[in-house]
Amino acid sequence: MILINIAFLLGGIFAGWFGYDAYWEYKFLTLEEDEEYTFIDEEKNESMLRRLEPSDCDSSSHFIDQANKIYSCNNLFDTYYYEGWKSGGENSCQGESITFYFDKTYFIEFIVISNFEQESEFKEVDKINDFRLTFPYGENESVEETHYLVNDNWEQWFDINKVVDEMTIEVISYYDTPGTNICGLQEITFYGKDVEETTKENS
């Protein structure tokens with residue numbers, strides 16, 4: 001009796017498997033020959049939200065260590081982002097600023113800012129607290145926003161939602177770390193899309 005039950009069970013499994021394959025074979029064969037399908041290449045679809053990399057940057061100062069390693073603002077967004085930016089002035093973060101330039105005008109939706117992730121690096125630099133974002137608007141005007149960073153080493157997100165071709169971060173206040181007068185930041189990542197596509201979506 002047990003052998004009969006096992007035989008029925010195996011037969012049911014094979015029948016189900018065959019039926020599943022037969023169903024999808026039928027669906028494939030009955031597709032209309034002139035039916036078209038569109039596949040999206042995410043890398044070429046510029047209307048999609050994506051990571052945007054600045055073409056250049058300027059900082060009010062940068063640090064050069066004894067091994068001649070340069071902690072410039074370019075480290076904030078290029079392949080050496082883990083090295084980050086460090087100030088070279090005597091007043092730590094106070095009065096420091098970084099300007100990012102883009103190769104064309106983009107709609108920046110948000111940015112992600114990170115202090116140094118490694119605990120050793122995090123404890124060796126002063127960290128930015130309040131900061132001002134400045135966006136040029138026309139030849140003689142600009143738009144400003146004030147934000148603040150939490151004194152921690154995880155990613156922090158800030159909504160921008162502006163059309164820009166450059167952006168400046170100005171430090172207003174900072175978290176003081178005893179024993180150092182160097183300000184530091186590990187990474188800034190920009191996310192947005194092409195202005196033309198954004199305009200079409202809003203029209």
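Begin by selecting strand β9 (residues 141-148), in which tyrosine 148 is found; strands (E, at least two residues) and helices (H or I, at least four) are DSSP runs numbered from the N terminus. This is a predicted model, in which local features need pLDDT of at least 70 and side-chain atom pairs count only at pLDDT 80 or more, while totals for chains, interfaces and linings use all residues. Residues are numbered from 1 along each chain as its sequence is written, and side-chain values use heavy atoms, with hydrogens and water left out.

Is tyrosine 148 buried or exposed? Tyrosine 148 counts as exposed because its relative accessible area is 51%, where exposed means over 50%, buried under 20% and partly exposed in between (1.4 Å probe, protein chains only).

**Asparagine 75**

Next, select asparagine 75, in the loop between β4 (70-71) and β5 (85-86). Asparagine 75 counts as buried because its relative accessibility is 6%. Display its side chain: which backbone oxygens does it reach? One belongs to isoleucine 70, at 3.2 Å, and another to glycine 84, at 3.0 Å. Then select glutamate 187, which is 112 residues from asparagine 75 along the chain, with 7.4 Å between the two C-alpha atoms.

**The whole chain**

Zoom out to view the chain, with its three helices and 13 strands. Of its 203 residues, 35% count as buried. Among contacts (heavy atoms within 4.5 Å) with a separation of 6 or more, 76% are between residues 24 or more positions apart.

**Confidence**

Finally, colour by pLDDT, the predictor's confidence in each residue from 0 to 100. The chain has a mean of 80, and 70% of its residues reach 70 or more. Confidence is highest in strand β7 (residues 127-128), at 98, and lowest in helix α1 (residues 2-29), at a mean of 46. Where pLDDT is low, predicted coordinates should not be read in detail.

Technical notes:
A polar contact is a pair of N or O atoms within 3.5 Å; within protein, one must be able to donate a hydrogen and the other to accept it, and residues adjacent in sequence count only if both atoms are side-chain atoms.
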